[in-house]
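Subject: Handover of a structure for your study

Dear colleague,

Please find below the structure that I would like to hand over to you.

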Amino acid sequence: MKCLVTGGNVKVLGKAVHSLSRIGDELYLEPLEDGLSLRTVNSSRSAYACFLFAPLFFQQYQAATPGQEALRCKILMKSFLAVFRSLAMVEKTVERCCISLNGRNSRLVVQLHCRYGVRKTHNLSFQECESLQAVFDPALCSHVLRAPARVLGEAVQPFPPTLAEVTLGIGSGRRVILRSYQEEEADRTVKAMVTEMSIGEEDFQQLQAQEGVAITFCLKEFRGLLTFAESANLSLSIHFDVPGRPAIFAIKDSLLDGHFVLATMSESDLRSPELHRLAPPLQAHSTPHLDDFANDDIDSYMIAMETTADIEGSRAVPSVSFSPGHQPPASPGPYSEDNDTEPSIEPGTPPPKKFRSLFFGSILAPAHSPPGPSPVLAEDSEGEG
Amino acid sequence: MPHWAPVNLPAAFLLHSITPGVSNMIAKLAKTCTLRISPDKLNFILSDKVANGGVSMWCELEQENFFSEFQMEGVSAENNEIYLELTSENLSRALKTAQNARALKIKLTNKHFPCLTVSIELLSVSNSSRVVTHDIPIRVIPRKLWKDLQEPTVPDADVSIYLPVLKTMKSIVEKMKNISNHLIIEANLNGELNLKIETELVCVTTHFKDLGNPPSASEDASQARNPEQMAEVRIDIRRLLQFLAGQQVNPTKAVCNIMSNKIVHFDLLHEDVSLQYFIPAFS
């Protein structure tokens with residue numbers, strides 16, 4: 001692989017890396033035919049982020065040395081971030097950035113050609129790895145809203161930077177409401193301040209959602225994409241469905257697109273009665289079975305991940321992480337996997353390490369799709385080469 | 001067992017301009033503070049608890065200078081006041097959003113828990129309306145504790161002097177903090193004020209001159225005192241710095257009153273907000 005980024009695009013690339021660094025500690029680099037893909041996932045598998053830079057973003061783009069397969073690798077996020085640590089400096093001094101993969105000595109070489117003939121070369125060690133792919137499809141989400149990133153930036157402004165989760169929903173009068181989400185703790189002596197921001201429908205370019213729908217997700221992770229979108233002056237779309245299904249945050253322009261897929265809290269996780277103040281919640285597809293949930297851990301929601309062993313895709317190796325508890329509703333909508341066998345949960349034993357797919361359908365290209373439906377019930381095999 | 005008074009105390013007021021500066025200032029001074037609401041005034045109170053290092057603060061706003069509408073009903077006709085305790089940072093964050101407000105409303109409400117609801121309608125470029133609501137949890141302070149929250153009486157000062165530019169004082173005290181934990185503040189009736197720190201290795205003094213002294217309350221006291229004689233108090237430097245750090249804008253009036261070896265009293269006026277801050281001598 002060899003690609004050359006010039007001019008203002010170097011800073012854009014740097015900003016994307018900063019954005020991704022908010023999510024995960026490892027950066028997956030994959031040169032594809034349709035561009036360079038940078039992906040990451042967080043440790044609890046509740047957030048996935050991906051930027052795809054089209055070939056036109058680069059002055060030169062070569063996915064793979066002719067005759068060879070493209071190398072997929074993962075590197076430490078903080079190593080790659082260090083190259084673009086100071087965006088101000090990057091903007092001022094860097095003229096060109098050349099990224100190449102040297103398979104022979106396992107180094108990702110990032111060379112910054114700066115002013116005054118200064119050249120900085122970073123040799124980052126990488127690990128070859130499987131392709132990191134989250135299974136999601138925005139088109140399958142029932143609800144979508146889209147607004148200029150600036151509007152959303154202003155919307156989150158009143159919230160404290162330390163706030164972890166926020167609830168987004170449609171209130172009466174088709175107003176879009178953002179409210180700080182606080183876990184209810186009966187023994188908490190000092191209550192936390194609750195902040196709510198209400199924006200009129202007219203500020204949105206697209207609003208396809210009924211009054212009463214709402215999702216709760218991690219604000220800190222969302223800010224990662226929001227900051228990038230604001231600086232690039234792009235519109236941001238939010239595709240979502242019922243609580244518990246991941247929400248997809250997307251930006252796009254002619255040279256790049258970005259997707260952040262964040263898990264949302266399911267209805268049983270949302271103990272706060274405040275959610276119902278938005279409007280009566282959808283009595284939708286799900287009938288939460290409160291007894292079925294193994295624990296109240298706020299992090300017990302996650303994203304389906306699939307990795308492919310090789311491009312040929314002869315056998316998809318469902319390698320997924322697991323997280324205790326959190327089974328999907330027993331009466332699923334048309335799309336979810338049919339996982340109806342529930343293990344009996346004995347008190348005192350650790351929760352069963354069983355993964356439930358939270359996604360509907362697969363976006364893997366037909367050539368790569370696994371044979372038949374895949375109930376992903378495999379143990380985590382991450383770390384195996 | 002928490003002390004709740006019945007929170008059926010309606011208090012609604014509309015502000016058309018309020019400087020978040022006041023609440024910012026207070027947020028830097030203490031984690032929690034008391035808000036006293038009475039028919040003609042709003043007070044922010046910090047009483048001299050051990051947790052504050054004996055420091056106390058009294059801040060007063062005349063309601064007519066800020067509110068276009070002000071309604072309140074206290075506990076009873078004789079005690080027409082409300083005392084609330086809240087986290088200062090919450091209020092300052094809530095009011096920060098109000099910097100671009102078209103309208104601001106503050107109400108006492110009881111949504112799941114008693115709170116001060118700050119409701120802000122934001123100015124926006126387009127016609128669209130944006131509304132931010134902050135529910136600040138509060139604790140209503142029962143009447144029996146009100147006596148500890150009254151305006152402190154200011155004893156007669158040995159020396160009263162106008163303060164130098166607070167920003168300058170702050171940058172000096174910030175550097176001094178690295179050398180010593182205690183600072184001596186001294187002044188005389190000749191318009192001279194000194195900030196001194198002393199350690200085994202070094203003594204540093206900063207001299208301010210020609211500051212001017214406010215006219216004294218009683219002629220006799222000032223006649224008797226030698227104008228060159230310094231009145232001094234030794235205080236915890238961090239308390240002084242906390243106070244100075246909260247002063248973003250130079251006040252309209254700033255007076256320092258020193259009661260030798262007892263207490264230093266800062267009396268500031270920022271436009272329509274009066275602030276008094278007491279730092280006791282370090283024992």
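**The interface between the two chains**

Chain B and chain A bury about 1,600 Å² between them, and carbon and sulfur atoms give 53% of that area. Buried area here is the accessible area (1.4 Å probe) that two parts lose on being put together, summed over both. Three residues, B:Arg93, B:His112 and B:Arg130, supply 33% of the area that chain B buries against chain A, more than any other three residues. The contact involves 19 residues of chain B and 21 residues of chain A, where contact means heavy atoms within 4.5 Å.

Before you read further, please note that this is a predicted model, in which local features need pLDDT of at least 70 and side-chain atom pairs count only at pLDDT 80 or more, while totals for chains, interfaces and linings use all residues. Residues are numbered from 1 along each chain as its sequence is written, chains are lettered from A and ligands numbered from 1 in the order in which they are written, and side-chain values use heavy atoms, with hydrogens and water left out.

**Salt bridges across the interface**

Side chains of opposite charge can pair when their charged atoms come close. A salt bridge is counted when a side-chain nitrogen of Lys or Arg is within 4 Å of a carboxyl oxygen of Asp or Glu. Two such salt bridges are found between chain B and chain A. In one, B:Arg130 meets A:Asp203 at 2.8 Å, N to O. B:Arg130 also forms a salt bridge with A:Glu154, whose closest N and O atoms are 2.7 Å apart. A:Glu154 lies in helix α4 (residues 149–156) of chain A and B:Arg130 in strand β9 (residues 130–137) of chain B, so this pair joins two chains. Helices (H or I, at least four residues) and strands (E, at least two) are DSSP runs, numbered from the N terminus.

Are these two partners buried or exposed? B:Arg130 is buried, at 6%, and A:Glu154 is partly exposed, at 31%.

**Salt bridges within each chain**

Over all chains, the count is 16 salt bridges. One of them brings together the side chains of A:Lys11 and A:Glu91, at 3.0 Å, N to O. A:Lys11 lies in helix α1 (residues 8–21) of chain A and A:Glu91 in helix α3 (residues 87–93) of chain A, so the pair ties together parts that are 80 residues apart in sequence. A:Lys11 is buried, with a relative accessible area of 18%, whereas A:Glu91 is exposed, at 53%.

In chain B, the side chains of B:Arg36 and B:Glu81 meet in a salt bridge of 2.4 Å, N to O. B:Arg36 belongs to strand β2 and B:Glu81 to the loop between β5 (67–72) and β6 of chain B, so this pair ties together parts that are 45 residues apart in sequence. Both B:Arg36 and B:Glu81 are buried. Through shared partners, salt bridges also join A:Arg150, A:Glu154, A:Asp203 and B:Arg130 into one network.

**The fold of chain B**

Chain B has five helices and 18 strands. Of its 283 residues, 49% are buried. Among the contacts in chain B with a separation of 6 or more, 62% are between residues 24 or more positions apart.

Strands of a sheet pair through backbone hydrogen bonds, either parallel or antiparallel. Two strands are taken to pair if DSSP finds at least two bridges between them. In chain B, nine strands form an open sheet with antiparallel pairing, in the order β10-β6-β2-β3-β4-β18-β17-β16-β11. Strands β10 (139–140) and β11 (159–162) of chain B stand at the edges with a single partner strand each, so one side of each is left without a neighbour in the sheet.

Within this sheet, strand β2 (residues 32–37) and strand β6 (residues 82–87) of chain B pair in the antiparallel sense over six bridges, and B:Ile37 has B:Ile82 as its bridge partner. Strand β4 (residues 56–62) of chain B is mostly covered, with six of its seven residues buried. β4(B) pairs over six bridges with β3(B), where B:Lys41 stands opposite B:Glu62. β4(B) also pairs over six bridges with strand β18 (residues 273–280) of chain B, and there B:Trp58 stands opposite B:Gln276.

Yours sincerely,
A colleague

Note on methods:
Buried < 20%, exposed > 50% of the residue type's maximum accessible area, 1.4 Å probe, protein only.
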